[in-house]
Structure formats: structure tokens, C-alpha cells
Amino acid sequence: MLTRQGTVVRSCGNRVVVRLDPVRACGACADPDGCGIGPLVSVFRRHAEVWTLPVPDSWVGRPGERVHVALAAASLVNGTLIAYGLPLLGAVGGAWLALRFAPAPVQDAWSAAGALAGLLAGFLAGRRAARSVQMPQVLVQADRPVA
């Protein structure tokens, strides 16, 4: 499960508005024996993000309350497959189909055109799949015990 911390801005029924803390590199990133991803994280460091998230009916967030926002790993995998896998599959499939059926002198041009058409088709299929697939809800866990 992937988690980030944030602060509740406001609560609206079964939804809560949370300002997520910026992404930071870990302490080992500056260490020569660490992973070395620290400079990359600092380049892509995001400012605080504000999200509106669904919460269970029994939980009411108070403004200023610190929370942990957790995203199930399966949700991340599903989203990644939809966002990147379908366009990649479309590009490879389109290039292969164009290469298979194009005349020999222009196979390269047809293959490039097929890859571009497949990429576009995969992107559109991914947008449609993202709308129709029910992704798991994001869980909001309070730092305080829920009464």
C-alpha cells in the first residue's frame, strides 16, 4: 500500500478535501551508498496537492486534522496498465499489422503509420477503460482513533 500524509481542509458529507504534503526524498538518498534517487526526486518534487477523496460514512474529518491517504498497490498496477500498457500494446500491434500487410517498398512508412494509429487507438481505449473500470476507493486513515 502506498501512503502519503496530508491535512484535512474541509469535510463534505462522504468526501473529504485533503491537502497532501509534498513528496520528499528519504534520508538515505544523500548517502553515497543509498539509491541515489534524491536528485531526481528534488527535480520532480511536487508542491502540496489538494484532493477530494471518498471516505467511510462513519468517519468525519475535521479541518486541520492530519491524515494518511493510502492507495492499494492493485489500484496503482491497474492504473499503470491502463495508462501505459494499452497504448504500448496498440503501438506494437499497429506496427506489426502494418508491417505484415504493407507492400515491401513502403513497409517502414506503413509500419510507422501503423504504430502511430495503434498508439492513438490504445490511448483512446485506455481512456474508455479508465471510465468503465471501477477502481478501488482511496482510504483515508486518521492519526486519531475513530470513535
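## Questions on a predicted model

Student: Which nine residues make up the largest nonpolar core?
Tutor: This is a predicted model. Its largest nonpolar core has nine residues. They are Val8, Val16, Val18, Leu20, Leu53, Val55, Trp59, Val67 and Val69.

Student: Which strand supplies the largest share of this core?
Tutor: Two strands each give at least two residues to the core: S2 (15–20) and S4 (66–71). The largest share is three residues. That share comes from S2.

Student: What pattern does the protein chain follow along the sequence?
Tutor: Start with the elements. The chain has three helices and five strands. Read along the sequence, they follow the pattern β-β-α-β-β-α-α-β.

Student: How much of the protein chain counts as buried?
Tutor: The chain has 147 residues. A residue is buried when its relative accessible area is under 20%. By that cut-off, the buried part is 25%.

Student: What share of the accessible surface belongs to carbon and sulfur atoms?
Tutor: The accessible surface of the protein chain comes to about 10,100 Å². Carbon and sulfur atoms hold 64%.

Student: What share of the contacts with a separation of 6 or more joins residues 24 or more positions apart?
Tutor: Contact means heavy atoms within 4.5 Å. Take the contacts in the protein chain with a separation of 6 or more. Residues 24 or more positions apart account for 72%.

Student: Which residue forms a salt bridge with Asp21?
Tutor: A search of the whole structure finds one salt bridge. Its closest N and O atoms are 2.6 Å apart. The partner of Asp21 is Arg66.

Student: How many residues apart are Arg66 and Asp21?
Tutor: Arg66 lies in strand S4. Asp21 is in the loop between S2 and helix H1 (38–43). The pair links distant parts of the chain, 45 residues apart.

Student: Why does Arg66 count as partly exposed?
Tutor: Buried means under 20% and exposed means over 50%, with partly exposed in between. Arg66 counts as partly exposed because its relative accessible area is 31%.

Student: Where does Asp21 fall, buried or partly exposed?
Tutor: The cut-off for buried is under 20%. Asp21 has 23% relative accessibility, so it counts as partly exposed.

Student: How far does helix H3 reach from its first C-alpha to its last?
Tutor: Helix H3 covers residues 107–132, which is 26 residues. At 1.5 Å a residue, 38 Å is expected. The model comes close to that, with a reach of 36 Å.

Student: Which helix do the buried residues of H3 pack against?
Tutor: The buried residues of H3 are Ser111, Gly114, Gly118, Gly122, Gly126 and Ala129. They pack against H2.

Student: Which residues does Ser111 touch, not counting residues up to four places away in sequence?
Tutor: Ser111 is found in helix H3. Ser111 is buried because its relative accessible area is 17%. With those neighbors in sequence left out, Ser111 touches Ala95, Ala98 and Leu99.

Student: How far apart in space are Trp110 and Leu99, C-alpha to C-alpha?
Tutor: Trp110 is placed in helix H3. In sequence, Trp110 and Leu99 are 11 residues apart. In space, C-alpha to C-alpha, they are 6.6 Å apart.

Student: What area does the nonpolar surface patch with Trp96 have?
Tutor: Trp96 sits in helix H2 (residues 73–101). The patch is made by Trp96, Leu97 and Phe101. Its area is about 390 Å².

How values were computed. Residues numbered from 1 in each chain as written. Predicted model: local features only at pLDDT ≥ 70, side-chain atom pairs only at ≥ 80, totals over all residues. Heavy atoms only, no water. Patch = residues over 30% accessible without salt bridge, like charges linked within 9 Å, V, L, I, M, F, W, Y side chains within 5 Å. Areas by Shrake-Rupley, 256 points an atom, 1.4 Å probe, with all protein chains shown as cover. Salt bridge = Lys/Arg side-chain N within 4 Å of Asp/Glu carboxyl O. Helix = DSSP H or I, 4+ residues; strand = E, 2+ residues; numbered from the N terminus. Expected span 1.5 Å × (residues − 1). Buried < 20%, exposed > 50% of the residue type's maximum accessible area, 1.4 Å probe, protein only. Core = buried A, V, L, I, M, F, W, Y, C linked by side-chain atoms within 4.5 Å.
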